[in-house]
Amino acid sequence: MASERRIRIAPSILSADFARLGEQVEEAERAGASCIHIDVMDGQFVPPITFGAVVVEAIRDRVAIPLEIHMMTLQPELHIGQLSDAGANRIIVHAEACPHAHRVVQQIKDAGLEAGLAVNPATPLAATEEVLADLDQLLVMTVNPGYGGQTFIDSMIGKIERARKMIDAQAPDVVLEVDGGVKVDNASSAADAGATLLVAGSAVFSRNQSVAESMAALHRAVETDAAPGAD
Ligand code: DX5
Ligand code: ZN
């Protein structure tokens, strides 16, 4: 059974062909991506180092849909100004990296951006509860962050269901997003559990089929309309 809520897809460029990044994000936008999900990693919060504001700026030039920045970094507050200047629309920080999450969330909002808070698989939802009403988005990680192409952790379905209940009860406007291992065969489970924004990296940017084909398959899996430009 697919969810009755409208489900949107956020392609993660982590699995994109970086030599053709501009074309790849344009293809994703044409295929109905809700936003572009950009994974910033600092080599400390997670082992890899990826990219920062200059890449955000380059993508900004190529698409009109929102850019959401998933900050897998320590001290994400140091980068808010640069990312905002580069054209970011939403910054998602990790609860585990922010002892003062309330302050960081306010800093993101003061910069005029939407604020999201992410939790790793092992982190209880309680880590988000006291700031939930201040958030635009809650991100439940369904893999341990750092790499694309990992397997969805099935036990996170229960956590997504609990997150949906918490949001409905306390802050119904907060968007519930999941990230990690989302594929055609499990997207509807995540949606049925209550997620409405699904990050998909390797399921969108694969060598085997076009971005348009991959996005169409994901949209079919959750029976949602592809609506370019919606956030
Ligand atoms: C992982 C990143 C994800 C990643 C998802 O740490 O936060 O956004 O790109 O990739 P897939 O969809 O391949 O699991
Ligand atoms: Zn991510």
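1. Which residues are the closest of those that surround ligand 1? In this predicted model, ligand 1 is surrounded by 19 residues, and the closest are Ser 12, Gly 146, Gly 149, Gly 181 and Ser 202.

2. Two of these glycines also make polar contacts through the backbone: a polar backbone atom of Gly 146 is 2.7 Å from an oxygen atom of ligand 1, and for Gly 149 a polar backbone atom is 2.8 Å from an oxygen atom of the ligand. Taken alone, ligand 1 exposes 380 Å², of which the protein buries 100%, and the space that ligand 1 takes is the largest cavity.

3. Leaving aside residues up to four places away in sequence, Ile 59 touches Ile 13, Leu 21, Val 25, Ile 36, Ile 38 and Leu 67. In soluble globular proteins, nonpolar side chains tend to be buried together.

Conventions
Residues are numbered from 1 along each chain as its sequence is written. Chains are lettered from A and ligands numbered from 1 in the order in which they are written. This is a predicted model: local features need pLDDT of at least 70, side-chain atom pairs count only at pLDDT 80 or more; totals for chains, interfaces and linings use all residues. Side-chain values use heavy atoms; hydrogens and water are left out. Contact means heavy atoms within 4.5 Å. A residue is near a molecule or strand if one of its heavy atoms lies within 4 Å of it. A polar contact is a pair of N or O atoms within 3.5 Å; within protein, one must be able to donate a hydrogen and the other to accept it, and residues adjacent in sequence count only if both atoms are side-chain atoms. Accessible areas come from the Shrake-Rupley method with a 1.4 Å probe; for residues, only the protein chains shown count as cover. On a 1 Å grid over the protein atoms alone, a cavity is a set of points where a 1.4 Å probe fits but cannot get out, and a pocket is an open set with protein on both sides within 12 Å along at least five of seven lines; lining residues have an atom within 4 Å of a point. A molecule sits in a cavity or pocket if more than half of its atoms lie within 2 Å of its grid points.
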